[in-house]
Amino acid sequence: MNVQTNANAMPDIAQVGERIQTEVQRAIQRSIKGVEYFASSGPALGSTPKDIIHSKGTMNLYHYRPLADEIYRIPILIVMATTNRGYILDMVPGQSFIEFLLKKGFDVYMLDWTAPRPEEKSLRMEDYVLGFIPDCIRRVQEDSGETDVNVIGYCFGGVLSLLYGSIFNDGPMKNLVCFTTPIDFRQMKLFQNFSDRRYFDVDKLVDSVGNVPPEMILSSFEMLRPASRAVGQIQLWENIWNDEFVKSYRMFDRWAQDTLPLAGEYFRTTTKDLMWDNKLFNGTMTVGGRPADISKITVPVLHAVAEHDHIVPYDAAKHLIAKIGSTDKTEIILKGGHVSLVAGANAIKRLWPKLDSWLSERST
Amino acid sequence: MSDKPNDPVQVWHTMLAEMEKGFNAMANQVMGSEQFSRVTHQLTGASVGAQKTVGDLMERYLVSMNLPSRAQMVSMGERLQSIESQLNEIRALLNRVHADVASQGSNGLAMPRPPRTKQPPSATGGGTP
């Protein structure tokens, strides 16, 4: 027993030699690949073939070309978060959620956002919930020839989908899937502190800058884990010999840096109604004067949340299932973080098959 | 090999992960304080105020120099946006026409999109590709 312990504690000379050799090779590779890294662009993202069905200012509606010979009856509309670009769900072939859905026989549309222009600073919550989403639903119905539409909302896209579903609770949304969607904004502790109403003058900010700049949005996300960016750079340097690691790093880093500005009026409402007054949780939310209470939603709902989500902690998301009016409702908690839940190698194994299984049963 | 506790590389990785975790936790504690919120927003408020003052002065300067003001540029932007929207509509229309032409079979008849008849694996008694 003692002999074995000593053997583990003291690696033999051959092992040390092998380790040194590996590290030297990696150091050489780092130098070569490091030059390549700065001299080349990252992988092309969002390349699954699609058509732009409609475009209006900050809003874009895509239809992805089917990849199966036979598809489910009900089309899917994905509502992307307003802070980020939709290609997180369509990274590269083999790691694309969109491609996965298409190959499984789903007909997929996406409501994606571009940076709102200066004149779009006046876009309000009702423009998103009562304007953009219903407009896209109608166009999906026209394009697909189907009345029913399934909706998938990611992060704040989930909040918008819930608001839409609360108001248009008699259809045509047939099933609703939310990924990492916050309900109780009091539980987003640091965001609460960043937007503390005693010190944060949202009116002054919006009146001064119009649209809220992307640097401010990105900073607030990065401040949640201030050391992680620096550590990420160290890890990149260590693994720069590893093509797969570098490819993955570049994909996610590019997406994270591609944060969008937020329309000023929309940001004002988000801050006051959700961050300050927690109206979605309290059931007092209104959009354009219309009550938006999620207990009015009765369609089947799936909510996927991440165990280690630092942006939308579980405490902020867990009330969705409790408060929604549906009887057919499911919550799945998976390992991973806010982004790795939906994209990347782990999502392929964890979330995607579960979603396929849940949605396929309800898409005929 | 790298999973052995005496591997210096593994030790370095563990140390790095612990440092990251510790620093993040400490920073979160600081950022969660009322004082942090107050000071940050005082600074942001001052910065935004200065930005607005400079913007107003710049606008007056541009007008005096007979250069287009921001409002005029925004108006021009709106007109460009309208043109872009129309171009996108035309592009969507062309794409649709192109897709229709491309989907013409050899007999000249339009081929439909995939049929919406797919059933879940449970209904077909197993997995489907």
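Two residues are in contact if their C-beta atoms, placed from the backbone, lie within 7 Å. Helices (H or I, at least four residues) and strands (E, at least two) are DSSP runs, numbered from the N terminus. This is a predicted model, in which local features need pLDDT of at least 70 and side-chain atom pairs count only at pLDDT 80 or more, while totals for chains, interfaces and linings use all residues. Residues are numbered from 1 along each chain as its sequence is written, and chains are lettered from A and ligands numbered from 1 in the order in which they are written.

**Helix 11 of chain A**

The buried residues of helix 11 (residues 264–276) of chain A pack against helix 4 (125–144), helix 7 (202–209) and helix 12 (279–282) of chain A. A residue is buried if 20 or more other C-beta atoms lie within 10 Å of its own, exposed if 12 or fewer, and partly exposed in between. Among the buried residues of helix 11 of chain A are Tyr266(A), Phe267(A) and Leu274(A). Just after this helix, Asn278(A) has a positive phi of about 50°.

In strand 4 (residues 108–113) of chain A, six of six residues are buried. Val108(A), Met110(A) and Asp112(A) point one way, and Tyr109(A), Leu111(A) and Trp113(A) the other way. In a regular strand the side chains alternate between the two faces of the sheet.

A nonpolar core is a set of buried Ala, Val, Leu, Ile, Met, Phe, Trp, Tyr and Cys residues joined through C-beta atoms within 7 Å. The largest one has 100 residues, of which Leu77(A), Ile78(A), Leu111(A) and Val342(A) touch the most other members. Helix 4 of chain A supplies the largest share of this core, nine residues. Leaving aside neighbours within four places in sequence, the contacts of Leu111(A) include Leu77(A), Ile78(A) and Phe132(A).

Ile333(A) lies in strand 10 (residues 329–334) of chain A. Ile333(A) is partly exposed because 15 other C-beta atoms lie within 10 Å.

Chain B has four helices and zero strands. Buried residues make up 2% of its 129 residues. In helix 2 of chain B, two of the 31 residues are buried. The expected span of a helix is 1.5 Å times one less than its number of residues. For helix 2 of chain B this gives 45 Å, which agrees with the 45 Å between its end C-alpha atoms.

Where the chains meet, 37 residues of chain B are in contact with 42 residues of chain A. Helix 3 of chain B gives the most to this side of chain B, with nine residues. By class, the side of chain B that touches chain A has 13 nonpolar, 16 polar and eight charged residues. Ala, Val, Leu, Ile, Met, Phe, Trp, Tyr, Cys and Pro count as nonpolar, Asp, Glu, Lys and Arg as charged, and the others, Gly among them, as polar.

**Confidence**

The predictor's confidence in each residue is its pLDDT, from 0 to 100. Chain A has a mean pLDDT of 87, and 94% of its residues reach 70 or more. Over residues 1–7 of chain A the pLDDT is below 50, and this stretch has zero contacts in the model beyond near neighbours in sequence.
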